Amino acid sequence: VPSNTAHNYGLVLEKSILFYEAQQSGDLPPTHRINWRGDSALGDSGIYGEDLTGGWYDAGDTVKFNLPMSASVINLAVGLYKWKDAYSASNQLQHMYDSIKWPLDYFLKCWRNSAQIYYAQVGNGDTDHAIWTRPEDMTISRPPYYLNSSKRGSDVAGGTAAALAAGALAFMGEDSSYSTSLLESAESLYAFAKAHQGTYNTYIPEGAKFYSSSEYRDEMCVSAALLYLATNKTRYRSDAITFYNSYSPGRWAYDWDDKTMLCDVLLYEITQETKYKSAVENFVTSYMPGGSVQYTPCGLAWRLEWGSLRYSANAAFIALLAADAGIGNTANYKQWAMSQIHYMLGDNANDFSYVIGYGSNYPLKPHHRASSCDYPPEVCDWNDYNSPDPNPHVLQGALVGGPDQYDNYEDARDNFRTNEVACDYNAGFQSAVAGLLHFAVNGNLPAAPTPAC
């Protein structure tokens, strides 16, 4: 790993992968390294008893929401596909393949092609949020929520098809038979999503209550673009362009709900058309100083109070994908992305790392059930939630929600705006770190910017 970078990107990748291990649901694999986690939710099943174990718990809770989970896998798999050398250089490549295989295996279970049923969620958010306990001790009912020919949801189905396609690309040179099975599932799920277009909000309100979808054509565009890259079938290329042209995206942010920015990057790479390039440039410059996104005094591009770091990390990921594709002022884009990631790693007024376990000063009380519970036989309940003490377990690698627009941050378990963790918070962040390490390995990472504070 290059030793001349301002932060240890390899160590950050290692820790972020450990965070995803802490989120694993189901019968844990032999590769699992978090000794305070055990098997959980082994009864997760479909309406006909299909096995739906596995996947990732969404955040500090124990629901499996496929809309944000698939968005996380897209970001992580695209980062691995583009910047595999970063994982090799940090000796994390095998851990990374193991990491994304866990949710990909789960998505393969969720799509029942022969029955034309796609499972989009396991667990009820309200029921789940009413308890505070270890995942291993859960006794609540965990209902499955599904789509079929009469229950549409091409946002979550299309997003999952995109995750499977991105996984197929990432595994192509590593495990060709697994890559092929991912691709077959991606193609048939994409066809299902295309045949039953619409958002899932009406049909799975229990998911939309927590992750309401504003559009589905962005997911369809991304999945078609990734399927084109994986198969070279021209129909996917024209589908991606058609879906892209069929709605007017706001490009306010790149997140689990709006994947348009990734579509812009992919379509530029596929077509080399200026309109996609211009859209990417407009988005990145809107996040850079002088753009429309406000800044904290210490230099964080601050979009929204709920998971503020997620938005700047995701924008940094897009900026690095753009630089990789030769879009915009690539040196400026890299330097800006570095400034945002470095802020999260401690380049701020308090030398405070928002990544748990990285540096010497980081959050101690994340809003996260499993890490807030001591080892059994200690009871774990709302007393642990209300405890003023640090979490008994260090949730290595987790990126917390982040500060307010004035750089103020509260390390409190009950503050889920600033102190929850989530699979989608870490995904764009981890891939941005992989992008920075990729450029460093190849000798074209600019000097680190001077911190604003």
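## Annotated domain

An unreviewed UniProt entry places the feature "domain: Glycoside hydrolase family" at residues 9–432; UniProt positions are given in the numbering used here, feature names are shortened, and annotations may be inferred rather than shown by experiment. Over residues 9–432 the chain is 50% helix and 4% strand, with the end C-alpha atoms 10 Å apart. Helices (H or I, at least four residues) and strands (E, at least two) are DSSP runs, numbered from the N terminus.

The model is predicted: local features need pLDDT of at least 70, side-chain atom pairs count only at pLDDT 80 or more, and totals for chains, interfaces and linings use all residues. Residues are numbered from 1 along each chain as its sequence is written, and side-chain values use heavy atoms, with hydrogens and water left out.

## Helix α13

Helix α13 comprises 17 residues (308–324), which at 1.5 Å a residue should span 24 Å; its end C-alpha atoms are 25 Å apart, which agrees. The expected span is 1.5 Å times one less than the number of residues.

Of the 17 residues in α13, 16 are buried, where buried means under 20% relative accessible area, exposed over 50%, and partly exposed in between (1.4 Å probe, protein chains only). G326 follows α13 and has a positive phi, near 75°.

## An exposed loop residue

N350 lies in the loop between α14 (330–344) and α15 (369–372). Its relative accessible area is 55%, so N350 is exposed. N350 and Q340 are ten residues apart in sequence and 15 Å apart in space, C-alpha to C-alpha.

## Salt bridges

A salt bridge is a side-chain nitrogen of Lys or Arg within 4 Å of a carboxyl oxygen of Asp or Glu. By this rule the count comes to 17 salt bridges. In one of them, D44 pairs with K64, the closest N and O atoms being 2.8 Å apart. D44 lies in the loop between α1 (9–22) and β1 (64–65) and K64 in strand β1, so the pair ties together parts that are 20 residues apart in sequence. Both D44 and K64 are buried, and together with R142 they are linked in a network of salt bridges.

K82 and E269 also meet in a salt bridge (2.8 Å, N to O). This pair links distant parts of the chain, with K82 in helix α2 (residues 66–82) and E269 in helix α11 (residues 260–271), 187 residues apart. K82 is partly exposed at 22% relative accessible area, and E269 is partly exposed at 30%.
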